[in-house]
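Trainee: Hi, could you walk me through a structure today?
Mentor: Happy to, let's open it up.

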Amino acid sequence: MTDHADNHPDAQDQHFLSLAAALSRQGMEAGDGGPFGSVVVLGGQVVGRGWNRVTSTNDPTAHAEVVAIRDACQRLSRFDLRAATLYASCEPCPMCLASALWARVDRIVYGNTRDQAAAIGFDDALIYEQVPLPPDARIIPCQHRPSKAALAVFNDWIVKADRIPY
């Protein structure tokens, strides 16, 4: 089967979700990490693939969606995935959602919910609870210490003639 799907939106979504699920199974059975897979689709074509590789790479950021976004960006030689859809076998966690937002994907479609993930041991409720808290109220102490050196870099960025905005 090619990466193309029928023109019907639900059929397309189901097709690409099945590809994400197949990647989740592949990674799980290979022992790469948790049961999560993802594809990035642009113009009806899969341009990025990923499955969870947290335990096999000792990288806590190697979630399926992040791996797929990185793959798509490398293949397309760009950091902006506007007009793309991120398909994930499960609802993206806060990190993966943030990655999709930074990548500017147009849409996210997922199969399983965060509650279903929690039921099998992948509970990210703590992260959802921590994000809206003020930095000094989080369980990991976050302390603002103004830095002249850090501020100088920001000031230089503003006037940098060849900066690439994103």
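Mentor: The buried residues of helix H3 are covered by, among others, strand E1 (37-42), strand E2 (45-51), E3 and H4; contact means heavy atoms within 4.5 Å. Helices (H or I, at least four residues) and strands (E, at least two) are DSSP runs, numbered from the N terminus. This is a predicted model, where local features need pLDDT of at least 70, side-chain atom pairs count only at pLDDT 80 or more, and totals for chains, interfaces and linings use all residues. Residues are numbered from 1 along each chain as its sequence is written, and side-chain values use heavy atoms, with hydrogens and water left out.

Trainee: Which residues of H3 are buried?
Mentor: They are Ala64, Glu65, Val66, Val67, Ala68, Ile69, Asp71, Ala72 and Cys73. Buried means under 20% relative accessible area, exposed over 50%, partly exposed in between (1.4 Å probe, protein chains only).

Trainee: At what angle do H3 and H4 pack?
Mentor: About 20 degrees, with their axes 8 Å apart. Axes are lines fitted to C-alpha atoms, for helices over the stretch in contact, and angles run from 0 to 180 degrees between N-to-C directions.

Trainee: Which residues make that contact?
Mentor: Glu65, Val66 and Ile69 come from H3, and Met95, Cys96, Ser99, Ala100 and Ala103 from H4.

Trainee: New topic: what is buried in H4?
Mentor: In H4 (residues 94-103), Pro94, Cys96, Ser99, Ala100 and Ala103 are buried.

Trainee: And what comes just after H4?
Mentor: Arg104, which takes a positive phi of about 65 degrees. After H3 comes Ser77, with a positive phi near 55 degrees.
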